[in-house]
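I opened my notebook for this one and jotted down what I looked up, entry by entry. Here are the notes, in the order I made them.

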Amino acid sequence: MNKLFLAAIFALSTFGYTATAQKKASTSEVKVTIDLNNVKNDKVMVTVTPPSFTSNTVVFHIPKTVPGTYSSDNYGRLIDGLKAFDKGGKEVVTSKTDDNSWTISNAKSVAKITYWVNDTYDSELGRGFGKEDIFSPAGSNILEGKNFMVNNHCFVGYFEDKIALTEIPYSLTIQHPENLYGATSLIDTDKSDAVDNFKANRYFDLTDNPIMYSKKDYETFTVDGMEIVFAVYSPTGAHSAKSLLPYLEETMRAQKAFLGSINANKRYTVILYLADMEKNDAKGYGALEHHTSTTVVFPETMPADALGEQIKDVVSHEFFHTVTPLTIHSKEIQYFDYNNPKMSEHLWMYEGITEYFANLFQVNQGLIEADEFYQRMSGKISNAATLNDTMPFTEMSKNVLVSPYKEQYLNVYEKGALIGMCIDIIIREKSNGERGILDLMKKLSSEYGIEKPFNDNELFAKIVSLTYPEVGEFLNTYVAGNTPIPYEAYFAKMGVTKAKVQVPGNPFLKDQTTPYITINPNTKEIIVIPGSESSEFMKALALKGGDIILSINDKPYNLDNIYEMIMESQNWKADDAISVKIKRDGKEQILKGKVKLNFEEVEGYKVTDPSKEKLNTAWLKG
């Protein structure tokens with residue numbers, strides 16, 4: 001999640017072989033059928049028809065790691081009862097060699113392989129995954145007759161016959177209830193309402209396209225020739241694609257305007273799964289990017305405004321991944337090794353520049369003010385300071401799957417974004433505001449592209465050739481080196497200096513750990529804490545210690561939806577009309593007035609040098 005407030009609430013390869021070499025090994029395809037009609041013990045059956053093999057012994061793999069997750073998740077743990085059969089139906093000997101791999105003897109005789117697949121949404125904790133929980137947007141759901149989240153890497157594997165056969169075509173057939181619609185960017189070639197057929201040129205293309213089956217709840221719109229599909233699953237119907245569409249549409253239109261021609265997708269699918277917090281459901285909230293889609297998971301109890309704001313922040317980050325690493329990436333990503341991954345050293349670009357763009361485009365397109373942008377960057381500086389600021393970023397990236405580097409992973413969203421900001425500032429300064437980091441990414445996209453990866457150790461030199469020597473000095477000193485970045489020096493180039501700034505606080509929280517309210521666990525009532533200081537909001541309405549809050553603007557609240565109350569209060573504006581129903585000394589009464597907000601003085605940044613106004617404008621609005 002991008003907002004610290006939400007975080008606080010939720011807390012209550014190097015490539016092995018080239019594509020050409022793999023195609024020579026086998027020209028046939030892998031055929032897969034997933035049966036969503038027959039759910040048994042919360043599992044579905046998968047049948048795989050393998051390609052022709054050249055070896056007597058082959059290995060069938062389910063991924064250990066998938067692109068974009070930067071963690072070892074061992075999806076093979078979801079597989080039960082794998083069996084192989086010859087053409088006559090006789091079972092062929094198989095043996096499980098690790099969490100994700102099965103060795104198949106007499107492989108040339110194998111006609112099909114079958115196995116059952118468990119899901120993750122209602123078993124992340126129940127199966128004892130613990131610290132190895134599978135991030136929900138990369139996981140799966142099997143809810144018979146209602147919802148199936150099909151992240152294909154959870155259901156479908158690949159074969160290793162001397163080499164990993166990940167570059168051969170896949171044909172995927174999904175049998176599903178007629179009343180469930182499959183939202184995906186894959187093209188269904190079957191006209192039946194109960195069977196979908198999809199084709200993928202290689203294993204990556206299959207796993208890169210998630211599918212969510214649920215009752216039809218989707219909206220579409222077109223932006224500059226790109227069709228956007230927005231599909232929503234809300235278990236109680238609290239939210240819908242239609243009600244949330246304005247948040248997504250505003251964001252994606254602004255993103256396309258910001259990117260211009262750099263993104264040429266013809267179709268992009270946003271899949272939103274809303275989890276039922278009262279049941280054993282998905283717990284890992286956030287999103288996972290793909291070339292032509294993104295999967296998003298949030299709790300259904302989020303109020304519409306808060307959910308809409310999160311959609312703006314999260315989906316914008318994931319959509320910018322279409323630039324990097326999906327278009328601009330190294331060979332480690334192009335030829336990803338799903339079971340022995342070799343990581344690229346350029347997470348500063350893949351995640352950092354993506355996160356920077358997700359904030360920059362909002363000020364560029366007028367969705368937020370400059371002061372808000374500065375405050376977001378200031379927050380990232382504070383967050384990065386809590387992590388290891390002397391660990392070389394390239395070193396952390398290349399070793400992100402193991403300790404002590406994986407513990408620093410979150411810095412890709414903090415210092416990584418700040419690296420992108422500093423590079424942007426250098427390019428703006430050297431070019432008199434005419435170019436920035438977006439121009440660099442457009443040039444890199446033109447130089448490489450989806451099918452042409454770069455060598456990890458050559459990227460810095462390529463960037464310098466497209467920009468300035470000062471950019472190379474920055475990369476070598478602060479990204480590959482262990483020197484902390486002097487952010488004030490870069491802000492100063494744009495006329496911005498460090499200063500005390502006022503930011504609005506939450507009416508019910510003094511800070512992240514100190515609330516003004518508490519709960520009576522026996523009655524579920526929300527109570528203003530007696531004897532504590534009051535927020536400006538409480539003072540304006542004359543709320544007193546011991547008052548029980550029953551409703552706000554006619555909406556009832558208690559322990560069951562206190563989260564909604566706090567989240568909705570985040571969107572209140574000063575002087576909004578407000579009505580609070582309370583119980584005081586056993587008697588109900590209504591307090592009416594206007595919203596007054598607390599303002600906290602925090603370290604931040606603001607414009608102090610008007611001589612840099614033209615450069616500053618080019619940076620934020622160019």
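Predicted model: local features only at pLDDT ≥ 70, side-chain atom pairs only at ≥ 80, totals over all residues.

I found Phe-258, Leu-360, Asn-364, Asp-424, Arg-428, Gly-436, Ile-437, Leu-438, Trp-619 and Gly-622 around the largest cavity. Helix H7 (347-364), helix H10 (411-430) and helix H11 (437-447) are the elements giving two or more residues to that lining. I sorted the lining by class and got 5 nonpolar, 3 polar and 2 charged residues. For the volume of the largest cavity I noted about 60 Å³.

The second largest cavity came next, with a volume of about 50 Å³. Its lining is made of Thr-166, Glu-167, Arg-202, Phe-204, Ile-333, Gln-334, Tyr-335, Phe-336 and Tyr-338. Here the classes come out as 5 nonpolar, 2 polar and 2 charged.

**A helix pair.** Trp-619, one of the residues lining the largest cavity, also turned up where H8 meets H17. How are helices H8 and H17 oriented to each other? I read an angle of about 75° between helix H8 (residues 370-385) and helix H17 (residues 613-621), with the axes 12 Å apart. The two helices are therefore roughly perpendicular. From H8, Ala-370, Phe-373 and Tyr-374 take part, and they meet Asn-616, Trp-619 and Leu-620 of H17. I counted this contact by class as 5 nonpolar, 1 polar and no charged residues.

Then I listed the exceptions I had looked up.

- The bond from Thr-324 to Pro-325 is cis, with omega near 10°; Pro-325 sits in the loop between helix H5 (304-320) and helix H6 (331-334).
- The bond from Ser-403 to Pro-404 is cis too, with omega near 0°, and Pro-404 is in the loop between helix H9 (393-398) and H10.
- Tyr-70, not a glycine, has a positive phi of about 55°. I placed Tyr-70 in the loop between strand S3 (58-61) and strand S4 (79-86), and it is buried at a relative accessible area of 11%.
- Ala-542 has a positive phi of about 60° and lies in the loop between helix H15 (536-541) and S25. Its relative accessible area is 42%, so I wrote it down as partly exposed.

**Ser-551.** Is Ser-551 buried or exposed? Ser-551 is buried, because its relative accessible area of 8% is under 20%. Leaving aside residues up to four places away in sequence, I found Ser-551 touching Pro-556, Tyr-557, Ser-579, Val-580 and Lys-581.

Key
Residues numbered from 1 in each chain as written. Heavy atoms only, no water. Buried < 20%, exposed > 50% of the residue type's maximum accessible area, 1.4 Å probe, protein only. Contact = heavy atoms within 4.5 Å. Axes fitted to C-alpha atoms, helices over the stretch in contact; angles between N-to-C directions. Helix = DSSP H or I, 4+ residues; strand = E, 2+ residues; numbered from the N terminus. Parallel < 35°, antiparallel > 145°, perpendicular 65-115°, else oblique. Nonpolar A, V, L, I, M, F, W, Y, C, P; charged D, E, K, R; others polar. 1 Å grid on protein atoms, 1.4 Å probe; cavity = no way out; pocket = protein on both sides within 12 Å on 5 of 7 lines; lining within 4 Å. Points joined across faces, edges and corners; volume = space filled by probe spheres on them.
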